[in-house]
Amino acid sequence: MKRKAKNVLKKIFNADDFGMTLGVNAAIVRAYNEGILNSASLMVNQKYAAEAVALAKKMPNLAMGLHLNLTNETPAANPEQIPLLVDSDGKLKNGFVNLLLLSLLRPRAFKQQVEIEIQAQVQKYLATGLKLQHIDGHRHVHLIPAVFKIVQKIG
């Protein structure tokens, strides 16, 4: 007599900001090694992203995703293509509220420029050779309806 398989609930413990700082990278490695963490989200346009990629490749059971960053540091796209998103130094300049307002006040330009930046981040992620298992957003930018639609389209 065969037994019915019980429903198995998989728990996902995800850490974001992978690649942002050396401390974040070290904490993610430690949590993975201690069996606490099984997923992480990489910020491809951060200073320590290359180190995070090298570390991720040494953690074969760590599910990896892209942590979209539209708010901090350097964009993945050419800053000249995304003037609404960057300051005069070419750094990302908007927080969540400003991005939401831009999506409402300048919808066409906002959508075009955000799509350019998201595409650039996805391409940069794919170039790492890591499997892309999920996409989420730094500071919850993926919850802005226009950004969410772009993520759906690209994903």
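**The largest pocket**

How much space lies in the largest pocket? About 160 Å³, where a pocket is an open set of points on a 1 Å grid over the protein atoms alone, reached by a 1.4 Å probe, with protein on both sides within 12 Å along at least five of seven lines. The volume is the space filled by probe spheres set on the points.

Lining residues have an atom within 4 Å of a point; here they are Lys10, Ile12, Asn14, Asn38, Ser39, Asn61, Ala63, Gln133 and His134. By class, that lining has two nonpolar, six polar and one charged residues.

**About the model**

This is a predicted model, in which local features need pLDDT of at least 70 and side-chain atom pairs count only at pLDDT 80 or more, while totals for chains, interfaces and linings use all residues. Residues are numbered from 1 along each chain, and side-chain values use heavy atoms, without hydrogens and water.

**Helices H1 and H2**

Helix H1 (residues 22–33) and helix H2 (residues 49–56) have axes that come within 10 Å and cross at roughly 10°. That makes H1 roughly parallel to H2, a term for angles under 35 degrees.

Leu22, Asn25 and Val29 of H1 meet Glu51, Ala52 and Leu55 of H2, contact meaning heavy atoms within 4.5 Å. These residues divide into four nonpolar, one polar and one charged.

**Val151 in helix H5**

Val151 is found in helix H5 (residues 145–154). Val151 counts as buried because its relative accessibility is 14%, and buried means under 20% relative accessible area with a 1.4 Å probe, protein chains only. Leaving aside neighbours within four places in sequence, Val151 is in contact with Leu68, Ile118 and Ile135.

Note on methods:
Nonpolar A, V, L, I, M, F, W, Y, C, P; charged D, E, K, R; others polar. Axes fitted to C-alpha atoms, helices over the stretch in contact; angles between N-to-C directions. Helix = DSSP H or I, 4+ residues; strand = E, 2+ residues; numbered from the N terminus. Parallel < 35°, antiparallel > 145°, perpendicular 65-115°, else oblique. Buried < 20%, exposed > 50% of the residue type's maximum accessible area, 1.4 Å probe, protein only.
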